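Hi there,

Please have a look at it first and then read on.

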Amino acid sequence: MTLNQLRAFVLAQQLGSFTAAAEQLRMAQPSVSELVRRLEEELGTELFTRGGRRLVLSGPGKELLPYAEQALSAVEHGSRAVRSLGSLGGGTATFGMLRNADYYLLADLVRQFHARYPAVQVRLVGQNSAETAAAVACGELEAGLVVLPVDDEELTVTPLVRDEVRYVSLDSDRTRRPVTIEQLANASLILYDAHFGWKDPTRRQLAERAQLAGLTLRPLIELEHVESALKLVAHGIGDTVASRAVVESRNFPPRLSSAPFAEPLYDTIALVRRRGRPLTPATRELARLAQDMLREAHPEAVR
């Protein structure tokens with residue numbers, strides 16, 4: 001089965017004759033008839049009821065038609081997508097980034113994208129994942145990277161990689177063993193992303209675990225940035241949680257130590273886009289580049 005056979009079949013059905021289909025395809029009429037005959041031969045059935053002035057689909061032909069149309073449409077869209085990459089001479093890419101994107105080696109994303117497509121305007125918005133998901137769902141952003149879970153009613157979600165969440169403390173005795181949810185609930189917690197609070201995906205996971213254990217997490221201090229939380233932890237004021245990417249970064253305070261949770265906890269990073277809405281060529285290419293960089297830097301991909 002070839003694309004030319006499917007094109008001949010679909011056009012013959014749309015136009016009602018092999019002659020009209022041949023004119024559309026700029027081919028001789030016998031050639032179009034032969035394409036359809038070979039398709040019928042391969043499938044072992046007739047696709048048209050012949051004999052009248054206009055071609056009429058047989059039962060098997062009616063079954064094949066939507067699949068043939070879908071295949072031809074997919075090929076056309078694929079061709080357009082490939083051609084568009086070579087013609088990114090303008091436009092704007094709008095993309096939501098993780099609040100802590102620098103820890104995932106995505107800071108170089110704009111430089112690499114601009115080097116390839118210097119005429120494309122770039123709008124990167126770094127914010128909490130809950131806000132990114134909402135902005136994509138309502139159309140303010142075309143796509144973005146988020147930490148799961150997020151509200152995804154209007155979104156297509158593609159999980160990419162995961163990163164372990166760890167307990168962080170100045171007191172090494174508290175990090176000698178994996179930390180239980182009971183220990184977390186009894187700790188003096190310093191938590192970041194104060195604006196979004198328990199809507200933050202990492203906090204949502206922790207709150208759900210506490211709820212299942214009949215506990216409540218009450219932070220001693222809430223502020224916006226993980227760097228600020230780590231500085232307070234380094235002064236012995238309390239403990240916090242942070243992803244492995246943060247813990248293993250050069251900015252992590254040297255006196256602090258970390259431990260996994262007794263039941264391992266992970267941030268899953270995913271690409272979100274609005275369901276049923278195709279991305280513009282510029283944003284599609286920016287999203288592809290972001291995914292490639294993320295997967296290359298963090299090989300623990302979600303399968």
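Where in the chain is the place of Asp193? Asp193 sits in the loop between β7 (190–191) and α8 (201–212). Helices here are DSSP runs of H or I with at least four residues, and strands are runs of E with at least two, both numbered from the N terminus.

Before more detail, a word on the source. This is a predicted model, where local features need pLDDT of at least 70 and side-chain atom pairs count only at pLDDT 80 or more, while totals for chains, interfaces and linings use all residues. Residues are numbered from 1 along each chain as its sequence is written, and side-chain values use heavy atoms, leaving out hydrogens and water.

Back to Asp193: its phi is near 60°, a positive value in a residue other than glycine. Asp193 counts as buried because its relative accessibility is 6%. (Buried means under 20% relative accessible area, exposed over 50%, and partly exposed in between, with a 1.4 Å probe and protein chains only.)

Arg26 also has a phi near 60°, a positive value in a residue other than glycine. Its loop runs between α2 (18–25) and α3 (29–43). With 80% relative accessibility, Arg26 counts as exposed.

Another loop to visit lies between β5 (143–148) and β6 (155–169), and it holds Pro149. The peptide bond leading from Leu148 to Pro149 is cis, with omega near 5°.

Then there is Leu55, in the loop between β1 (48–49) and β2 (56–57). Is Leu55 buried or exposed? Leu55 has a relative accessible area of 15%, so it is buried. Leaving aside residues up to four places away in sequence, Leu55 touches Ala12, Gly16, Ser17, Phe18, Phe48 and Arg50; a contact means heavy atoms within 4.5 Å. The C-alpha atoms of Leu55 and Thr156 are 41 Å apart, and the two residues are separated by 101 residues along the chain.

Finally, the chain as a whole. It has eleven helices and eleven strands, and 44% of its 303 residues are buried. The C-alpha atoms fill a box of roughly 90 × 45 × 30 Å along the principal axes. The radius of gyration is 28 Å, whereas a compact globule of 303 residues would have one near 19 Å; this radius is taken over C-alpha atoms, and the globule rule is 2.2 Å times the number of residues to the power 0.38. Of the contacts between residues at least 6 apart in sequence, 76% join residues at least 24 apart.

Happy exploring!
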